[in-house]
Amino acid sequence: RAYGMHARLLRPERRPAFPVVLIAMFAMFAVAEIFSISVNDRLRSTMEMTQESGISQPGMTRTSSSRDALRVSAQTDVQKLKGAVTGRLLETGACKMEAIGMRAVGNALKTIAIIGTPPGPNARRFNIKTTVNSRRILIENETEKTKLNMTIVSFDIESARDGESTEINMEGHSESEPIRVSRSTVVGSLASKISREFESDTNRRVIIRVMGPMATNVAVKALCVAKTMLATSGIENEAKFKAKFVRENDLSIVEVAVSLDKSSE
C-alpha cells in the first residue's frame, strides 16, 4: 500500500472477459435446448393428434379417401418416396401424396421433379402431370383441451397411358418468362400473376422456378390460390403442372411448368 502525496493510485484489477462470454454462450445453448425440447414435444403431440384423426397412418389418409395417399413429412426420404410413387404409377397409373408443413411440401415437389428429370438419355421417363390442392382441417385434442388448425397439401399425379400425351399443343402460343420465386415472394402477388397469364391466354404455359423449401412452399400455395382466382374469373379448366430440375448459374433449381388441362373440352 502506498502512502503520501505522490502515492500512485491503484487501478482496480481487470478480470478477463473470456469466462463471462463462455457463461453467456452456455446460457444461450441451454435456452435453445429447452426451446428445442418444447418444439419437439409440440410436434409429437401434433402427430399423435393427426394419427387419432386418421390422416397420419403410414402410407394412408382418411378412410373416406377415394384412393390411399402417401403421407409425406419433413423427415421423409426423397429417394424412398420416389420409389413408392413410381411403383404406384406403374401399377395403377396414378398416385396421391399428402403433405403437412413447409419441408414436407418441399419433399413432395422434389420427388415429382426427380421423377420428371431422367438421370440419362436412355433412362425411363414418366410422362406425368400433377394437380395440387389444399384444405384446412381442425384437430381437437380432448385430453389436452387444445385445437390445432392444419393445412394439408395434396398432390394428385397422373401418368399418361400408352400413346397418350400429357403435353398441350403449344403451336401459336408461347411460354411465360420464368418467374423466380424466393422466400420473400408474396403468395397473393404470385397467384395474381399466374392467373393473369392464363386469363390473357388459356393455352399459355407459365414457368415458375424455385429453390429451397420456403420458396417451394410459397409457389405451391400460390398455385392453390391461383386456381380459386381462375374459377372466379370463369375459367374452369384444371391447372396442372410438370416439374423437373434445371441448371441456372451452376445451381440446381426446380422448374414448374403450369398449364390448363383441355382434355375435358
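Modeller: Helices are DSSP runs of H or I with at least four residues, strands are runs of E with at least two, and both are numbered from the N terminus. On that basis the chain has 5 helices and 8 strands, and from the N terminus on its elements run α-β-α-β-α-β-β-β-α-β-α-β-β. Residues are numbered from 1 along each chain as its sequence is written, and side-chain values use heavy atoms, with hydrogens and water left out. This is a predicted model, in which local features need pLDDT of at least 70 and side-chain atom pairs count only at pLDDT 80 or more, while totals for chains, interfaces and linings use all residues.

Of the 265 residues of the chain, 38% count as buried, where buried means under 20% relative accessible area, exposed means over 50% and partly exposed lies in between, with a 1.4 Å probe and protein chains only. Among contacts with a separation of 6 or more, 69% come from residues 24 or more positions apart, a contact being heavy atoms within 4.5 Å.

Leaving aside neighbours within four places in sequence, Asp261 is in contact with Lys129, Asn237, Glu238 and Lys240. With Lys240, the side chain of Asp261 makes a polar contact of 3.4 Å; such a contact is a pair of N or O atoms within 3.5 Å, of which, within protein, one must be able to donate a hydrogen and the other to accept it, and residues adjacent in sequence count only if both atoms are side-chain atoms.

With Lys129, Asp261 forms a salt bridge whose closest N and O atoms are 4.0 Å apart, the rule being a side-chain nitrogen of Lys or Arg within 4 Å of a carboxyl oxygen of Asp or Glu. This pair links distant parts of the chain, with Lys129 in strand β3 (residues 128–141) and Asp261 in the segment after β8, 132 residues apart. Lys129 is itself buried, at a relative accessible area of 13%. Side chains of opposite charge can pair when their charged atoms come close.

Glu238, another of the residues in contact with Asp261, has a salt bridge of its own, its side chain meeting that of Lys227 at 2.5 Å, N to O. Here too distant parts of the chain are linked, since Glu238 sits in the loop between α5 and β7 (239–248) and Lys227 in helix α5, 11 residues apart. Glu238 counts as partly exposed at 31% relative accessibility, whereas Lys227, at 16%, counts as buried. As for Asp261, salt bridges that share partners join Lys129, Glu158, Lys240 and Asp261 into one network.

By the salt-bridge rule the count comes to 11, and one further example is the pair of Arg204 and Glu197, whose side chains meet at 2.5 Å, N to O. Both partners are buried in this case, Arg204 at 16% relative accessibility and Glu197 at 17%.
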